[in-house]
Amino acid sequence: MDRLVKRKDFVAAASGLRANSGPLLLQGRDRADEAPARIGLTITKKHGNAVERNRIRRRLRAAVRDALPRTGKHGFDYVIVARRAALGTPFADLIHDIERGITRLHSGSRRSHKPARVDAAQLPPRADRETLHDQ
């Protein structure tokens, strides 16, 4: 299992596919090569102090070591964004959530990166209601 270490790889995976799975958000992108899958872990500071974040990171690394060979594909980068609930989730459920998330990434039940929000002022006025200028 190779790791993602450069910011540009994390950003590229974040702009790819996404799938929610329990206490995790999985992001992935196809590198279009046959190299082994790479994994990156993200646990933000809002999920506890350094000790708790490192405990979450260690649990996720162990779970990924078990789940990735079964469900991961060569040539993909995966980023797991953990939530605080990953610390209290039973280990078997954590493995199942990772497998389910990776399966969702590769199937049709996933979502791409959200497009930018459109401001309501940019939308044309609707015909079924009057605008202030029409009064």
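This is a predicted model: local features need pLDDT of at least 70, side-chain atom pairs count only at pLDDT 80 or more; totals for chains, interfaces and linings use all residues.
Local features here require pLDDT of at least 70 and side-chain atom pairs 80 or more, while totals for chains, interfaces and linings use all residues. Numbering starts from 1 along each chain as its sequence is written, and side-chain values use heavy atoms, without hydrogens and water.

I begin with the helices, which are DSSP runs of H or I with at least four residues, numbered from the N terminus. The axes of H2 (residues 50-71) and H3 (residues 91-106) come within 9 Å and cross at roughly 45°; these axes are lines fitted to C-alpha atoms over the stretch in contact, with angles from 0 to 180 degrees between N-to-C directions. H2 and H3 are therefore oblique to each other, since angles under 35 degrees count as roughly parallel, over 145 as roughly antiparallel, 65 to 115 as roughly perpendicular and the rest as oblique.

In H2, the residues meeting H3 include Leu60, Val64 and Leu68, where contact means heavy atoms within 4.5 Å.

I turn now to the pocket. Among the residues lining the largest pocket are Met1, Phe10, Arg57, Arg61 and Val64.

Key:
Helices (H or I, at least four residues) and strands (E, at least two) are DSSP runs, numbered from the N terminus. On a 1 Å grid over the protein atoms alone, a cavity is a set of points where a 1.4 Å probe fits but cannot get out, and a pocket is an open set with protein on both sides within 12 Å along at least five of seven lines; lining residues have an atom within 4 Å of a point.
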